Amino acid sequence: MKVVLFCGGYGMRMRSGAADDVPKPMAMVGPRPLIWHVMRYYAHFGHTEFILCLGYGAHHIKNFFLNYEETTSNDFVLRGGKTELLSTDISDWTITFAQTGIESPIGERLRRVRHHLDGDEMFLANYADVLTDAPLPEMIDRFAARDAGASMMVVPPQSSFHCVELGEDGLVGGITPVSELPMWENGGYFVLRQEVFDHIPENGDLVADGCGGLAKQGRLVAAQHRGFWKPTDTVKERAALDEAYARGERPWAVWERDSAGVSA
């Protein structure tokens, strides 16, 4: 299945200064940017046709792949001054680079690459900045068996704050961690059918318009995931993932776990 990745946003909370024009998916986690980790996840499950919805800082993403160094994340032999790779990352990937506008909302970016989907009944979509160990094949199979227009992965609330119950007299009746509330939030991993385009107007949003419209018709299903899931909305969150990578704690790297039997 084709994978649409939204990687054209400003990522203001990830920027370190006014001169920093690197889009959020290009923030580094270990020796590779976020977008590589997301793409490697999909490729591990056999989905190697990618459509990148570019916008802000597109040249950084283009240059990364145009000048891709396989030796950064693969073993190799140096013999006679020539490099012989023992494995590769992206040799079987097909990547379409599509400029979808600087200010375009997610739904509009998706609309602008629809012709690249070749009319495929089902396809995958992702924000390109969230890492997970979710069982993708099961997610796809469950959705394929349902009569629905979209599947949205949902995760428990990630906030460390607490909700406070107040009585009319101002007395606190209870305090509950947000993470323990019977709620779910958008996890950013989607399995979609062409039907979703019927609900996204020009300059519309994928979630509010596309998924929202399908939900009103009872045609949106949730893929609940309680395992590893980490966003990178802030510099702190990205740094935490980078530090975890350095410690060898990277549960999102399912390609390492499944090839070695344990997490690398």
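## Charges over rings

A charge sits over a ring if NZ of Lys or CZ of Arg is within 6 Å of the ring centre and within 35 degrees of the ring normal. R250 lies over the face of Y245, at 4.0 Å from the ring centre. The ring of F143 has the charged end of R193 over it, 4.5 Å from its centre.

## Basis

This is a predicted model, in which local features need pLDDT of at least 70 and side-chain atom pairs count only at pLDDT 80 or more, while totals for chains, interfaces and linings use all residues. Residues are numbered from 1 along each chain as its sequence is written, and side-chain values use heavy atoms, without hydrogens and water.

## Aromatic pairs

Rings of Phe, Tyr and Trp (its six-membered ring) pair if their centres lie within 6.5 Å; planes under 30 degrees apart count as stacked, over 60 as edge-to-face and the rest as tilted. The count by this rule is 15 aromatic pairs. The Y41 and Y42 rings are edge-to-face, because their centres are 5.4 Å apart and their planes stand at 80°. Y41 is buried (under 20% relative accessible area; exposed is over 50%, partly exposed in between, with a 1.4 Å probe and protein chains only), at 2% relative accessibility. Y42 is buried at 1%.

Y127 and F190 also form an edge-to-face pair, with ring centres 5.7 Å apart and planes at 80°. Y127 lies in the loop between β8 (122-126) and β9 (130-132), and F190 in strand β13 (residues 185-193), so the pair ties together parts 63 residues apart in sequence. Strands here are DSSP runs (E, at least two residues), numbered from the N terminus. F190 is buried, with 1% relative accessibility.

## Aromatic cluster

One aromatic cluster is formed by Y41, Y42, F45 and Y189.

Definitions and conventions:
Helices (H or I, at least four residues) and strands (E, at least two) are DSSP runs, numbered from the N terminus.
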